[in-house]
Amino acid sequence: MTNFQLADSQETIHVDVRQLIIAGWAGRVQSAIDEHIEELKEIGVTPPSTTPLFYRVAANQLTTAPDIQVLGEASSGEVEVVLIGSDQGTLVGIGSDHTDREAEAWSVAHSKQVCAKPVSTRVWRLDSVIDHWDELQMASYATIDSDEVLYQEGPVTGLLHPAELLRRFGLDKAELAPGQAMLCGTLPVIGELRPAQAFRMVLKDPVSGTELQHQYNIHTLPVIK
């Protein structure tokens, strides 16, 4: 059971996440999708057969913990909006599709599975932001050699609107069933894909003046051969 807190009321909503979906290649504009494909081709990732693709990941990989452990030095985070189905409607959080880049070169699906997916505990109701969805702004910051640097930044207009994304997933309404969670696509990286000691994600709503944040530390386990 994962506990989320509504940003406007501080009410706690308990969700038993039983299905975790990663929406890959979920850009709204084809040129942005192509940019991300080229970015990943540089590290050997095979282009997708179609876009978007919906990867399934073990539900227990979703975490609100402030620390994760990864194997080796080849993983990195990706800021993503997170949709969470609950008994009180669909929630919006901010999260990271943390991914093993070495594994990604031979299997994107496998690379998604082997890393935890950190998400914020603080959330909004989807119906409170969907009418001005395109005003939302995302950013991520990576701590590299003890310095925090801007890693990704841009509006959510670079990604499919939730109603369209969920329609392509096969749903009639812009809502997830209780127990479903979906990471909804990422933005291009500023510079190169690179590992970090910590990763911070921000989702801002300039209409209400509120924001969601989550930061997690990355602890590297040695690769024993």
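Good morning. The structure holds 10 salt bridges, a salt bridge being a side-chain nitrogen of Lys or Arg within 4 Å of a carboxyl oxygen of Asp or Glu. Please note that this is a predicted model, in which local features need pLDDT of at least 70 and side-chain atom pairs count only at pLDDT 80 or more, while totals for chains, interfaces and linings use all residues. Residues are numbered from 1 along each chain as its sequence is written, and side-chain values use heavy atoms, with hydrogens and water left out.

I begin with Asp97, which forms a salt bridge with Lys117, the closest N and O atoms being 2.7 Å apart. This pair links distant parts of the chain: Asp97 sits in the loop between E9 and strand E10 (99-100), and Lys117 in strand E11, 20 residues apart. Strands (E, at least two residues) and helices (H or I, at least four) are DSSP runs, numbered from the N terminus. Are these two partners buried or exposed? Both Asp97 and Lys117 are buried, where buried means under 20% relative accessible area, exposed over 50%, and partly exposed in between, with a 1.4 Å probe and protein chains only.

Next, Arg200 pairs with Glu148, with 2.9 Å between the closest N and O atoms. Arg200 is buried, at 17% relative accessible area, whereas Glu148, at 40%, is partly exposed.

Within helix H4, Arg168 and Glu164 are four residues apart, about one turn of the helix, and their side chains meet in a salt bridge of 2.8 Å, N to O. Arg168 is partly exposed at 41% relative accessibility, as is Glu164 at 23%. Elsewhere, salt bridges that share partners join Glu78, Arg101 and Glu104 into one network.

I turn now to the interior. A nonpolar core is a set of buried Ala, Val, Leu, Ile, Met, Phe, Trp, Tyr and Cys residues joined through side-chain atoms within 4.5 Å. The largest has 40 residues, and those with the most contacts inside it are Val81, Val92, Met138, Met182 and Leu203. Among the elements that give two or more residues to this core are strands E8, E9, E13 and E16, together with helix H4. Counting contact as heavy atoms within 4.5 Å, and leaving out residues up to four places away in sequence, Val81 touches residues including Val92, Trp133, Met138, Met182 and Leu203. Apart from this core lies another, of 24 residues, among them Val15, Val45, Leu62 and Ala181. Thank you.
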